Amino acid sequence: MALLVSSWSNGIQSVPKDYVMPPERRPGDFVSVCNEIPVIDLQENPNVDRSQIVQQILKASQEFGLFQVINHGVSAKMMEDIRVLYDEFFNMSIDDKLGVYSETFGTGCTLYTSGLDYAKEDVHYWKDTLKHRSYPLEEHTPSWPEKPVRYREEVGKYVVEVRKVAFKILDLIGEGLGLKEGHFIKVSQEQAMAINYYPPCPDPSLAMGIGGHTDPNLITFLQQDQYGLQIHKDGKWMGIDPIPNAFVVNLGYQLEIISNGKLKGVEHRGVTSSTAARTSIVTFFGPDPILPVVVEPAKELVTSNTPQMFKSYQYNNFIADYLAYLVKPLPRTGTPLDPYRL
Ligand code: OGA
Ligand code: NI
């Protein structure tokens, strides 16, 4: 438990040396928030037809691999309640957190710190994470934290609501790509959550909250109310403006592959702040890594002008390769997609 950043960082005056990133992995020059990142309004509006929304989402997914959605259907009250719940969770006593604490990232519900394998890291990330699978509820709620006592009930409702938004967005993306309805159903059965807690850091220029990565899954929905998230585009890092009650939607590698390269998974990272703790509530959708799910570019998108760019493969193999890539020492060459290209 002593490993959790939140358990020892309160009031600390300098960054401990095993959290000081080598210069090339530091946040670097000041990154301002970028106003060009699309914000998509899902409010039913008689003056906006569905095809306009489809086009906005498609363009954002091609250009940025990321957009924000507002009026998405999860109520402001639910967004607020879940934020309050996780503030309470991360502020609980160490004893109350012990039930889910683990020294390394695991497969069940775990509260762990930094990256995937703390013991093997040369330098650690300034973050603690609670992670668990979420859906179907009956299967996964028994592994969730028992405290705060309303955790399972409240998070259970949130899981169901976020799922509705996700399928709404996936339908719009499928429509934009010209895919048959329901194309994404079998590749979005796994729903999981990571709640990342980044305590205030005495010197954010030296530390990193979460290092640059592209999510391995299909699509990710992130709720945040503090700045910290950045994306890598055209060789530079750009900041994402936290919009109250919005979801940041980012595309993972599976969408890049299924769209036959038409859409882009986006590289992103999280920086820390010296003044505020930041919590991001992240929901991942992707193929179930336990089932033998085959992933491949959609047949509709493979034509004589747009030949198949990626192999057909089993998702559990992709995840194994992705994890192996992540634990490779830096600097790494290539990307986890390379072995899957044709
Ligand atoms: C993640 C992630 C970013 C953040 O959990 O995959 O990219 O802002 N998190 O916490
Ligand atoms: Ni991510």
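**View 1. Ile-195 and Ile-281 are bridge partners.** Ile-195 has Ile-281 as its bridge partner in E12. The model shown here, and in every view below, is predicted. Ala-192 also has a partner in E12, namely Phe-284. These contacts belong to a longer run. Nine bridges join E5 to strand E12, residues 278-286, and the pairing is antiparallel.

**View 2. Strand E5 pairs with E4 as well.** Strand E4 covers residues 128-135 and is joined to E5 by seven bridges. These two strands run antiparallel. Look for Lys-131, which stands opposite Ala-194 of E5.

**View 3. Strand E5 is largely enclosed.** How many of the nine residues of strand E5 are buried? Nine of the nine are, so the strand, residues 190-198, is largely enclosed by the rest of the structure. In a regular strand, side chains alternate between the two faces of the sheet. Follow E5 with that in mind. Glu-190, Ala-192, Ala-194, Asn-196 and Tyr-198 point one way. Gln-191, Met-193, Ile-195 and Tyr-197 point the other way. Both sets are buried. Buried here means under 20% relative accessible area.

**View 4. Eight strands make an open sheet.** The order is E1-E2-E10-E7-E12-E5-E4-E3. The pairing is mixed. Which strands stand at the edges? They are E1 and E3. Each has a single partner strand, so one side of each is left without a neighbour in the sheet. On average, neighbouring strands of this sheet are turned by 25° against each other, direction ignored.

**View 5. Four strands make another open sheet.** Here the order is E6-E11-E8-E9, and the pairing is antiparallel. Strand E6 (210-213) and strand E9 (236-239) are at the edges. Each of these has a single partner strand, so one side of each lacks a neighbour in the sheet. From one strand to the next, the twist averages 25°. E6 is paired with strand E11, residues 268-270, over two bridges in the antiparallel sense.

**View 6. Three residues coordinate the nickel ion.** Which residues coordinate the nickel ion (ligand 2)? They are His-213 through NE2, Asp-215 through OD and His-268 through NE2. The distances are 2.1 to 2.2 Å. Along the chain, the donors follow the spacing H-x1-D-x52-H. His-213 and Asp-215 are both buried.

View 7. Rolling a probe the size of a water molecule over the atoms shows where empty space is left. The volume of the second largest pocket is about 280 Å³. Its lining is made by Leu-42, Gln-43, Glu-44, Asn-45, Val-48, Asp-49, Arg-50, Ile-53, Asn-71, Lys-168 and Leu-172. Sorted by class, four of these lining residues are nonpolar, three are polar and four are charged. Helix H2 (50-63) and helix H6 (151-177) each supply at least two residues of the lining.

View 8. Most residues other than glycine have a negative phi. Asn-71 is not a glycine, yet its phi is positive, at about 50°. The residue lies in the loop between strand E2 (66-70) and helix H3 (76-91). Asn-71 is also one of the residues lining the second largest pocket. Ser-114 has a positive phi too, near 60°. Its loop runs between strand E3 (110-113) and E4. Is Ser-114 buried or exposed? Ser-114 is buried, because its relative accessible area is 1%. Asn-71 has 40% relative accessibility, so it counts as partly exposed.

**View 9. Two prolines follow cis peptide bonds.** Most peptide bonds are trans. The bond from Tyr-135 to Pro-136 is cis, with omega near -5°. Pro-136 sits in the loop between E4 and helix H5 (137-140). The bond from Lys-147 to Pro-148 is also cis, with omega near -10°. Where is Pro-148 found? Pro-148 is in the loop between H5 and H6.

**View 10. Glu-36 is an exposed loop residue.** Glu-36 lies in the loop between helix H1 (5-8) and strand E1 (39-41). Its relative accessible area is 58%, so Glu-36 is exposed. Now find Ala-60, which is 24 residues apart from Glu-36 along the chain. The C-alpha atoms of these two residues are separated by 9.9 Å.

Terms used: Residues are numbered from 1 along each chain as its sequence is written. Chains are lettered from A and ligands numbered from 1 in the order in which they are written. This is a predicted model: local features need pLDDT of at least 70, side-chain atom pairs count only at pLDDT 80 or more; totals for chains, interfaces and linings use all residues. Side-chain values use heavy atoms; hydrogens and water are left out. Buried means under 20% relative accessible area, exposed over 50%, partly exposed in between (1.4 Å probe, protein chains only). Two strands pair if DSSP finds at least two bridges between them. On a 1 Å grid over the protein atoms alone, a cavity is a set of points where a 1.4 Å probe fits but cannot get out, and a pocket is an open set with protein on both sides within 12 Å along at least five of seven lines; lining residues have an atom within 4 Å of a point. Grid points are joined across faces, edges and corners, and a volume is the space filled by probe spheres set on the points. Ala, Val, Leu, Ile, Met, Phe, Trp, Tyr, Cys and Pro count as nonpolar, Asp, Glu, Lys and Arg as charged, and the others, Gly among them, as polar. Donors are N, O and S atoms within 2.8 Å of the metal (3.2 Å for Na, K and Ca); water is not among the atoms, so sites may look incomplete. Axes are lines fitted to C-alpha atoms, for helices over the stretch in contact, and angles run from 0 to 180 degrees between N-to-C directions.
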